[in-house]
Amino acid sequence: LMTANVFTCRTEQPKPLDAMLGKARYYLSRHNFSHALDLLNQAVASYPGSVSALLDKMKVQLALQDWEQAMETTQRCLLTTQDQGGCVEATSLLVLELLVKEGSREEAANRLADLLVLLDRFEPKNHTLYYEMSLPYARIVCVHVYVCVHVCWWVGVSCVC
């Protein structure tokens, strides 16, 4: 039985990032989102350049249905990863927000194209990821021709083994 005490570090100040993320993920697995968010806020404050802390915080905010805060965290993540060329997960959430909350299909189609470029750059041989990334968009909207084109391209890439 796993407990949060596994991630407790008594000797090091500030706490190591891995310990903070591990403890936050433990609370996430227990659906204790408020404790997880508190720990992730501490991790982001202690390690402002940590993309993994920002991504986990973004996911917790979504679990709490706090879209505004999740989008602020997404933008921060995109700014943090701008030098590396971007962030697949943050761009994916941005596209979902454009489709679901904003209803901006044209902008979402443009961002989907950006997301495809990111996937080609960072995960060109990961066909399973292409397929899994296409699923939410295929479920949400396939009435917009540009979104359909991108989703169909993803599915086609995922089938190439």
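Is Q65 buried or exposed? Q65 is exposed, with a relative accessible area of 67%. Here exposed means over 50% relative accessible area, buried means under 20%, and partly exposed lies in between, with a 1.4 Å probe and protein chains only.

## Basis of the model

This is a predicted model, in which local features need pLDDT of at least 70, side-chain atom pairs count only at pLDDT 80 or more, and totals for chains, interfaces and linings use all residues. Residues are numbered from 1 along each chain as its sequence is written, and side-chain values use heavy atoms, with hydrogens and water left out.

## Overall build

The chain has eight helices and zero strands. Along the sequence, the pattern reads α-α-α-α-α-α-α-α. Helices (H or I, at least four residues) and strands (E, at least two) are DSSP runs, numbered from the N terminus.

The chain has 161 residues, and 41% of them are buried. Among the contacts with a separation of 6 or more, 52% are between residues 24 or more positions apart. A contact means heavy atoms within 4.5 Å.

## Helix 2 against helix 3

Two packed helices are described by the angle between their axes and the distance between the axes. The axes are lines fitted to C-alpha atoms, for helices over the stretch in contact, and the angles run from 0 to 180 degrees between N-to-C directions. Helix 2 covers residues 33–46 and helix 3 covers residues 51–63. Their axes come within 9 Å and cross at roughly 150°. Helix 2 is therefore roughly antiparallel to helix 3. Angles over 145 degrees count as roughly antiparallel, under 35 as roughly parallel, 65 to 115 as roughly perpendicular, and the rest as oblique.

The crossing of helix 2 and helix 3 is left-handed. A crossing is left-handed if the near helix is turned anticlockwise from the far one by less than a right angle, and right-handed if clockwise. Helix 2 makes this contact through F33, A36, L37, L40, N41, A43 and V44, and helix 3 through A53, L54, D56, K57, V60, Q61 and A63. By class, the residues of the contact are 10 nonpolar, two polar and two charged. Ala, Val, Leu, Ile, Met, Phe, Trp, Tyr, Cys and Pro count as nonpolar, Asp, Glu, Lys and Arg as charged, and the others, Gly among them, as polar.

## Helix 4 against helix 5

The axes of helix 4 and helix 5 come within 9 Å and cross at roughly 140°. This crossing is left-handed. From helix 4, the residues W67, A70, M71, T74, Q75, C77 and L78 meet A90, T91, L93, L94, E97 and K101 of helix 5. The contact of helix 4 with helix 5 holds eight nonpolar, three polar and two charged residues.

## The nonpolar core

A nonpolar core is a set of buried Ala, Val, Leu, Ile, Met, Phe, Trp, Tyr and Cys residues joined through side-chain atoms within 4.5 Å. The largest one has 38 residues, and those with the most contacts inside it are A53, C77, C87, V88, V95, L115 and Y137. Two or more residues come from each of helix 1 (17–29), helix 2, helix 3, helix 4 (67–80), helix 5 (88–102), helix 6 (105–122) and helix 7 (127–140). Helix 5 gives the most to this core, with eight residues.

Beyond its neighbours within four places in sequence, V95 is in contact with A108, R111, L112 and Y137. L96 lies in helix 5 and is buried, with a relative accessible area of 19%. Not counting residues up to four places away in sequence, L96 touches K101, P136, Y137 and I140. The C-alpha atoms of L96 and R111 are separated by 9.8 Å, although these residues are 15 residues apart along the chain.

## Residues in the loops

Q65 is in the loop between helix 3 and helix 4. Its phi is near 60°, a positive value in a residue other than glycine. H31 sits in the loop between helix 1 and helix 2. Phi of H31 is near 60°, also a positive value in a residue other than glycine. H31 is exposed, with a relative accessible area of 60%.

T81 belongs to the loop between helix 4 and helix 5. T81 is buried, with a relative accessible area of 4%. Leaving out residues up to four places away in sequence, T81 touches V51, G86 and C87.
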